[in-house]
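Please read the points alongside the coordinates.

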Amino acid sequence: MKAAPNKIKGKLGKAVSNQVIGIPASPGIALGEAFVLERTTFNLPRYWVHAKEISGEIHRFNQALEKARHELEKIKEKLCKFEGKEQLHILEAYTLILRDEMLTQNTVQTIKTEHINAEWALYKNIEKIKDVFKNVAETHFQERTSDFDYIGQRIISYLSGKTEDKFKNIPFHAIIVAHDLSPAEATQMLKFKIKGIITELGGKTSHTAIISRALEIPSVVGCAGITAKAQTSDRLIVDGNKGIVILRPTSEQQKEYEHDRQHENAVHRVLLKDIHLPAETKDGYRIRLAANMELIEELPSIKEHGAEGIGLYRTEFLFLNRKAPPTEEEHFENYKKVLKAAYPYYA
């Protein structure tokens with residue numbers, strides 16, 4: 001007999017109704033209280049403007065752009081105090097988007113040619129940009145459409161004068177529940193030392209997944225409807241290994257998962273005791289264990305887990321913090337930095 005939607009069989013074989021299934025984004029188990037981030041919504045104003053009002057709309061748009069850029073710089077400055085500048089390179093992509101002509105000049109041109117207000121013109125151009133990304137076969141690029149949504153929301157918030165800090169009340173060690181998280185939002189929350197992350201959108205290559213894996217925060221993404229089902233202060237369990245979220249767990253479920261969490265940590269500690277041993281099969285075949293990495297911030301974890309080197313270094317992020325592609329010399333300096341950290345005795 002098949003389980004009902006959102007009901008799966010528990011370890012005792014009984015149907016469990018308080019579980020939500022998502023996509024495992026970052027492994028580990030977290031137990032704690034939820035903090036639900038309210039989704040920012042805007043009533044997008046749409047109206048025609050007279051020819052004499054066009055310059056004023058363009059001025060409003062440029063002012064909002066500048067405020068959004070300034071806000072991003074403030075976020076990065078604050079985070080430097082907690083995680084260091086290297087953690088922030090992913091945010092530089094937003095700086096590029098805020099200066100890209102597809103967003104800036106095209107929006108200005110739309111205001112001029114269509115005689116519409118700045119908010120409407122911006123929205124139309126962001127939708128065009130998103131359509132380009134959605135039509136790319138590569139999933140990684142399709143998931144970047146949420147970045148443009150975030151940028152658009154920030155600019156529109158300044159155009160409308162409705163800005164608020166939705167992170168100001170996050171308690172330490174909370175489990176964040178959100179519709180989606182931009183890189184700026186995900187990295188802002190590092191200072192709160194959150195226990196886990198749950199989002200309605202996202203996949204294994206989303207920014208939330210990448211950042212949470214790099215920082216070893218248990219995370220589940222793609223949990224449809226979770227923001228409507230969970231409430232702030234609800235007790236939650238995040239199983240980042242299987243992609244399971246348990247809402248308001250019973251005492252039996254809490255004991256079960258706490259036991260699993262402690263067992264996982266104990267196994268982890270035992271395995272770490274052997275990191276100095278060579279990776280070798282019982283019949284003496286030697287294997288060189290290397291790690292895949294995307295962020296320089298992953299190096300401490302890579303060393304902790306006994307990798308002998310870097311098997312694959314994905315360098316897409318080198319292109320996110322600049323207007324022009326990195327030069328050969330800049331590539332060299334970046335690789336040298338990784339080599340020095342990974343192989344201090346040889347670099």
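1. Basis. The model is predicted, so local features need pLDDT of at least 70 and side-chain atom pairs count only at pLDDT 80 or more, whereas totals for chains, interfaces and linings use all residues. Residues are numbered from 1 along each chain as its sequence is written, and side-chain values use heavy atoms, with hydrogens and water left out.

2. Cavity. The whole structure holds one cavity of 30 Å³ or more, a cavity being a set of points on a 1 Å grid over the protein atoms alone where a 1.4 Å probe fits but cannot get out. The largest cavity contains about 50 Å³ of space; grid points are joined across faces, edges and corners, and the volume is that filled by probe spheres set on the points.

3. Lining. Ala-68, Glu-71, Leu-72, Tyr-94, Leu-98, Tyr-150, Ile-151 and Arg-154 line the largest cavity, where lining residues have an atom within 4 Å of a point. Two or more lining residues come from each of helix H1 (54–83), helix H2 (92–99) and helix H6 (145–160); helices are DSSP runs (H or I, at least four residues) numbered from the N terminus. The lining has six nonpolar, no polar and two charged residues, with Ala, Val, Leu, Ile, Met, Phe, Trp, Tyr, Cys and Pro counted as nonpolar, Asp, Glu, Lys and Arg as charged, and the others, Gly among them, as polar.

4. H3 and H4. Helix H3 (residues 104–114) packs against helix H4 (residues 118–134) at about 125°, the axes being 9 Å apart. Axes are lines fitted to C-alpha atoms over the stretch in contact, and angles run from 0 to 180 degrees between N-to-C directions. H3 and H4 are therefore oblique to each other, since angles under 35 degrees count as roughly parallel, over 145 as roughly antiparallel, 65 to 115 as roughly perpendicular and the rest as oblique. Asn-106, Thr-107, Thr-110, Ile-111 and Glu-114 of H3 meet Ala-118, Ala-121, Leu-122, Lys-124 and Asn-125 of H4 (contact means heavy atoms within 4.5 Å). These residues divide into four nonpolar, four polar and two charged.

5. H4 and H6. The axes of H4 and H6 come within 10 Å and cross at roughly 175°; the two helices are therefore roughly antiparallel.

Conventions:
On a 1 Å grid over the protein atoms alone, a cavity is a set of points where a 1.4 Å probe fits but cannot get out, and a pocket is an open set with protein on both sides within 12 Å along at least five of seven lines; lining residues have an atom within 4 Å of a point.
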